[in-house]
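Hi everyone, thanks for making time. Let me put the model up, and then we'll walk through a few spots in it.

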Amino acid sequence: ARVRWDFQGKLGACLVLGMINSGIPATFYSVAAQVLPAGYSAIFNATTPLMGVLVGVLFFREPMTLAKLCGIFLGLFGVGILSGAGPVALDMALLQGALACLAATTCYGFAGFLARRWISGLDSRLSALGSMLGATLMLSPLFGWSALTQPPASWGGWEVWLSLLGLGLLCTAFAYILYFRLLEEIGPVKASTVTFLIPVFGVLWGAWLLNEPLSMAHLYGGLLIGLALWLVLRPARS
């Protein structure tokens, strides 16, 4: 892309941000994927703007309004309905998977504000590159330890490696280029609203490609989270 490799002294910040924005959430979602259907993880991911509001209020002096407060509680209620009334039995494994997803979205909430504070003005392509390098540095030791202590029975065929390339290059690296540009233009909370689109595709593709069951909990929980997001993100009256 002929980008000038000038991080303006912000490479260290990009690396740390990559751990918070990609490395740690990817680890949590991998844990959740062991016990949760993909559709569940997709809907939990839609709580990212709610976590962004909480993080902003608690740590970055963002203003809290009654609508935002109602939205947060309504969103958490939606998460509770999704966890307790879906096709997966409510047990400790499901709760751990749900908490892992919420921990990941909390990391996203922090990352949006930290990106605006630490790397504002940096080319979005360089921000994405530094972020991916930081996540890779964090996950490489974990991968090496896992491969040595519990090597997989098979390293997979071409479908597995094409899936990994698609996740890494298109769904992560290219997506982060767009994400960091959005952070500069519209701010962290509004940029995180793209996660509201994920449940629709996550649930449908989980049912279509992975034969995951659908239930009314997907509808009820998704609608409550959607209403919560509207309360959190609607423009304030002048």
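So, which residues does L17 touch, not counting residues up to four places away in sequence? L17 touches S22, A111, L114, A115, W118, I119 and F180, where contact means heavy atoms within 4.5 Å.

Quick housekeeping. This is a predicted model, so local features need pLDDT of at least 70 and side-chain atom pairs count only at pLDDT 80 or more, while totals for chains, interfaces and linings use all residues. Residues are numbered from 1 along each chain as its sequence is written, and side-chain values use heavy atoms, with hydrogens and water left out.

Back to L17. Along with L36, F44, I119 and F180, L17 touches the most other members of the largest nonpolar core, which has 44 residues. By nonpolar core I mean a set of buried Ala, Val, Leu, Ile, Met, Phe, Trp, Tyr and Cys residues joined through side-chain atoms within 4.5 Å; buried is under 20% relative accessible area, exposed is over 50%, and partly exposed is in between, with a 1.4 Å probe and protein chains only. Helix α5, residues 92–118, gives the most to this core, with 10 residues. Helices here are DSSP runs of H or I, at least four residues, numbered from the N terminus.

Next, packing. The axes of α1 (residues 11–33) and α6 (residues 124–149) come within 6 Å and cross at roughly 60°. Axes are lines fitted to C-alpha atoms over the stretch in contact, and angles run from 0 to 180 degrees between N-to-C directions. That angle makes α1 oblique to α6, since under 35 degrees is roughly parallel, over 145 roughly antiparallel, 65 to 115 roughly perpendicular, and the rest oblique. The α1 and α6 crossing is right-handed, meaning the near helix is turned clockwise from the far one by less than a right angle. Contact residues include G18 and S22 of α1 and G130 and G134 of α6.

Now S127, in helix α6. Buried or exposed? S127 is buried, at 2% relative accessibility. Leaving aside neighbours within four places in sequence, S127 contacts C14, I119, L122 and F180.

Then there's α2 (residues 38–45), which packs on α5 at about 40° with the axes 9 Å apart. The α2 and α5 crossing is right-handed too. F44 is one of the α2 residues making the contact.

Last one: N211 has phi near 55°, a positive value in a residue other than glycine. N211 sits in the loop between α9 and α10 and is exposed, at 68% relative accessibility.

Key:
Helices (H or I, at least four residues) and strands (E, at least two) are DSSP runs, numbered from the N terminus.
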